[in-house]
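Welcome to this short tour! Open your viewer, get ready to select residues, and follow along stop by stop.

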Amino acid sequence: MIDDIWVDDAVTALRPDFAVLVVCAYGLRNGPSDDRSRAWLADAAVHAVPQDDERIEAWRTAYRAFGAKPQRTRPSVDALVRRMPLPEINLVVDAYNSVSVRHGLPIGGEDLRRYQGAARLVRAAGDEPSEETLGDPGIGEVVWRDDAGVTCRRWNWRQCVRTRITDDTVDALFLLERLEPLSLDALRAAGDDLAGMLSDIDPNIRIGSRLIG
């Protein structure tokens, strides 16, 4: 999967500064939140970027560019920093949510085994299959999808149920998304941070990564 993920030229034309660091973790042993992940969440509450951070504002601007209203459907990192303290979900989700708010970038976490075909970021034609929980994407909306349909609407606003990370997830895909002013070095640092936390959950996992953009 990691080598097959792609970003459509129409998305790049919309935001030439977009890049995504793809991180895949294989052989996870996920589970319920514990004292370790609660410590990650507590640290994130102290060190989260503020709501008016320029890295978050860049995402609001990107949403407006394809017709979304970010005050109604917020970029994921914007929604998270408004929910502090972060809720306990499970070990893996707690890890990537913590990294998201501390580094000021959206991160999508996906169950790799639930995918059908390669993940790709496209501008919607408006006829893509989509779960009822998501609703139908509008024409030109930026969405993540696979062969089965939309996996996340409005770039990183809402994920489908099918590919969510659960306690039973073994192989996971993480999409760390960047717009300027977040630097590529800062993006890689966030990826390293996430990889370290995942290895803390299970030292025996295999991790691979690829920068697109």
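Start with the largest pocket, whose lining has 14 nonpolar, seven polar and six charged residues. Here Ala, Val, Leu, Ile, Met, Phe, Trp, Tyr, Cys and Pro count as nonpolar, Asp, Glu, Lys and Arg as charged, and the others, Gly among them, as polar. A pocket is an open set of points on a 1 Å grid over the protein atoms alone, where a 1.4 Å probe fits, with protein on both sides within 12 Å along at least five of seven lines; lining residues have an atom within 4 Å of a point.

Before moving on, note that this is a predicted model, where local features need pLDDT of at least 70 and side-chain atom pairs count only at pLDDT 80 or more, while totals for chains, interfaces and linings use all residues. Residues are numbered from 1 along each chain as its sequence is written, and side-chain values use heavy atoms, leaving out hydrogens and water.

Now select Ser76, Tyr96, Asn97, Trp157 and Gln159: of the 27 lining residues, these lie nearest the pocket's centre.

Next, select Thr151 in strand β6 (residues 149–153); strands are DSSP runs of E, at least two residues, and helices are runs of H or I, at least four, numbered from the N terminus. Is Thr151 buried or exposed? Thr151 counts as buried because its relative accessibility is 0%, and buried means under 20% relative accessible area (1.4 Å probe, protein chains only).

Finish at Trp40 in helix α2 (residues 35–47), also buried, at 14% relative accessibility. Show its contacts (heavy atoms within 4.5 Å): Trp40 touches residues including Leu91, Met197 and Ile201.

Definitions and conventions:
Buried means under 20% relative accessible area, exposed over 50%, partly exposed in between (1.4 Å probe, protein chains only). Lists of a residue's contacts leave out its neighbours within four places in sequence.
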